[in-house]
Amino acid sequence: MNFLSPEALLALLLGSLYGAIFGAIPGLTATLAISLAIPVLLFLGPEVALAALIGITATAIFAGDIGSVLVRMPGTPASAAYTEELHEVARRRSPAFALGISALPSAIGSLIGLGFLVVGSLGLVALARQFSSFEYFWLVLLGILSGILAVPRVLKGAIAFGLGMLLATIGYDPALGNPRFTFGQRDLLGGIDFIVALIAFFGVSEVLYHLLHGSRGQSPHPQGLGRGSILSQYFGEAGRYCWQERGSLARSSLLGTFVGFLPGAGSDIAAWISSNLRRMRKGRPEQVALDGSSANNAAVAGAWIPAMALGLPGDTLTAILLGMFLALGITPGPELFNKHGALVLQIYLAFFLVSVVMLPLGGYLSALIVQNLLKIPTRVLMGAVLGLCVVGAYAVNNNPSDLYLLAVLGALGFVLRQGGFPLGLVVLGMVLGPLLEQHFMVSMIKTHWNLLSFFERPLALLLAILNVAMVVGVLGFRRGWWAALRWPAEERA
Amino acid sequence: MSAQRIWERAAALLAVALGTLALVLSRNLPQMEGGYPGPALFPSILGALLVFSGLGLLWQGRREKARLEGGEGRVLLSLLGLALAPWLLSQMGLAFTAGLYALAGAWLLGVRFGTALLTGGMVALLVYTVFQRFLGVQG
């Protein structure tokens, strides 16, 4: 079996560098990186495409720290949680050391997350074999409710999810195959193309955002990585510091994996919780940055557990990845493990290589590239992004009418973004909506509309109770402790 | 913050409008045998959710003052420009269309024309090389 061919290894390397560069430059996010890459990756086959995607997602989250170190601007929302502390470390000790205490904990967090990904996904798959449509319905509902409740204003979460799910109702309905809301347009029978929507929401709306805020987007002035023994500071000193803090590193990685695993949560929430917990214990800036960076990378692997084992996305990035799986003709969940075992192994191995090689070594290399790229004004990059959005949306299906969709959904994404609505939930809604409807309708049809059947199987009953407990628990948590955690309301949008 | 309230209200109104549309259009969808709700059920629930959530959000922000911050014209112009993309594609081909949008985008964002032209040229070259020659995308 050829788990990682030269082509896949090259895709992993290039994907990691591409993700690192996008993640590091403020304004270019991990979701935008994937949205623009997917139209290219669709042409390259599952092994190569997935290797590149793993490289992009794993490194883009870490690379958000590069912007924090060099220009005190987080490249991604996941890095915003500890930008101040990381930049202070860069200023006080050296940028190379600061980058080291970001890259090495990221690699360790990612490795610990990978361990849980292997064990957790295999365990969940074994459990999922007992699942019927009733259990899946409760699980999907759990994902939706936790996503809505994770937003600072619940109504905004409900609208974002509702709009995403409503968009997904266009076309044939998933249970009975009746066309809905197509207005006689044949192009809409298959539904709204997920990738076109992705490009519109994260690409076009980003450009429109910069257009509205016009001249505010000045190019930052990066500081260099420092002089002297850069490598010894990056690996040696930072490595020794990580060893001193090994207990805390393990704790924050475990916390990050758990938060990433929760449906609707993600890397940014993991980083905020972990770094705020450290702040509350009066931690030094190095400790806050170390806890945040290990947690957000561990969360990346954590979010893959329900995505691979159950086909349920944990956050926006895994929602996009699930869309990519489906576009490549692979159904995530138990079927993935039964029919594509080699691909599952390749995913684990790619995660391992990214954690051990790309995050520590590629992090340093990408920082060297990024400190030059940061001199290019964001406005120039955004112009290029607009051109690539048009090409990407067209290239997916070679269909010019997708470009009308791009404009309409781009406008919708822009209005939502400006209003502080979490765009990630719209995308999650587009993935989870059809699943919820399908499992509900199948359950209803096979029991002749007996609603009590949702509570008859022990596992289904347990999941129903879990839904209620989660709603009650989160609402209680929000009333008290939540406010103390300096919640990043606008960053999550 | 005040500008965000305007957009928040616009999004809430949009949610109410789309929710109402979903409720109305769902009435024309077929029912299942025995009078059970069929394909109309899920969009109807979503329509109701959007209407109630939108109205709730409008109610929450009813007393807050808000005003636009300027620059909306550029956004509208860009969206109208995007709607022309299918026609431009048929006239100019994929690479030139992408280059034109990159040029226009950069220029509208306040980049000097020479730099914007260079940006457009680089994007056109990238699209021609990667998408058209390497991946075989037609256009």
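## Helix α2 of chain A

Helix α2(A) is mostly covered, with 11 of its 12 residues buried; a residue is buried if 20 or more other C-beta atoms lie within 10 Å of its own, exposed if 12 or fewer, and partly exposed in between, with C-beta atoms placed from the backbone. This is a predicted model, in which local features need pLDDT of at least 70 and side-chain atom pairs count only at pLDDT 80 or more, while totals for chains, interfaces and linings use all residues. Residues are numbered from 1 along each chain as its sequence is written, and chains are lettered from A and ligands numbered from 1 in the order in which they are written.

The buried residues of α2(A) include A:Ala30, A:Ala33, A:Pro39 and A:Leu41. Among the elements that cover the buried residues of α2(A) are α1 (6-24), α3 (46-71), α9 (194-213), α14 (316-327) and α17 (378-397) of chain A. Helices (H or I, at least four residues) and strands (E, at least two) are DSSP runs, numbered from the N terminus. The 12 residues of α2(A), residues 30-41, should span 16 Å at 1.5 Å a residue, and the end C-alpha atoms are 15 Å apart, which agrees; the expected span is 1.5 Å times one less than the number of residues.

## Helix α8 of chain A

Helix α8(A) is also mostly covered, since 14 of its 15 residues are buried.

## The nonpolar core

The largest nonpolar core has 221 residues, and those with the most contacts inside it are A:Ala33, A:Leu406 and B:Ala98. Domain 1 (2-60) and domain 2 (72-134) of chain B both give residues to this core, so it lies between them. Such a core is a set of buried Ala, Val, Leu, Ile, Met, Phe, Trp, Tyr and Cys residues joined through C-beta atoms within 7 Å. The domain bounds come from an automatic or database domain assignment, and the C-alpha centres of the two domains of chain B lie 36 Å apart.

Leaving aside neighbours within four places in sequence, B:Ala98 is in contact with A:Gly387, A:Leu388, A:Val390 and A:Val391 of chain A, and with B:Val123, B:Ala124 and B:Val127 of chain B. Two residues are in contact if their C-beta atoms, placed from the backbone, lie within 7 Å.

## The contact between the chains

The contact takes 59 residues from chain B and 55 residues from chain A. On the side of chain B that touches chain A, at least two residues each come from α1 (2-26), α2 (41-60), α3 (72-83), α4 (85-92), α5 (94-108) and α6 (113-134) of chain B. The largest share of that side, 10 residues, comes from α1(B).

By class, the side of chain B that touches chain A has 40 nonpolar, 16 polar and 3 charged residues. Here Ala, Val, Leu, Ile, Met, Phe, Trp, Tyr, Cys and Pro count as nonpolar, Asp, Glu, Lys and Arg as charged, and the others, Gly among them, as polar.

## Annotated spans of chain B

An unreviewed UniProt entry gives the annotation "transmembrane region" for residues 36-59, 79-103 and 109-131 of chain B. Residues 36-59 of chain B are 79% helix and 0% strand, with end C-alpha atoms 35 Å apart. Residues 79-103 of chain B are 92% helix and 0% strand, with end C-alpha atoms 15 Å apart.

For "domain: DUF1468", UniProt (unreviewed entry) lists residues 11-138 of chain B. That span is 73% helix and 0% strand, and its end C-alpha atoms are 37 Å apart. UniProt positions are given in the numbering used here, feature names are shortened, and annotations may be inferred rather than shown by experiment.

## Individual residues of chain A

A:Ile61 lies in helix α3 of chain A and is buried, with 33 other C-beta atoms within 10 Å. Not counting residues up to four places away in sequence, A:Ile61 touches several residues, including A:Gly23, A:Ala30, A:Ser267 and A:Val300. A:Ile61 and A:Thr29, 32 residues apart in sequence, are 8.8 Å apart in space, C-alpha to C-alpha.

A:Phe181, in the loop between β2 and α9 of chain A, has a positive phi of about 50° although it is not a glycine. A:Phe181 is partly exposed, with 18 other C-beta atoms within 10 Å. A:Asn398 has a phi near 50°, a positive value in a residue other than glycine; A:Asn398 is found in the loop between α17 and α18 (402-418) of chain A and is exposed, with 11 other C-beta atoms within 10 Å.
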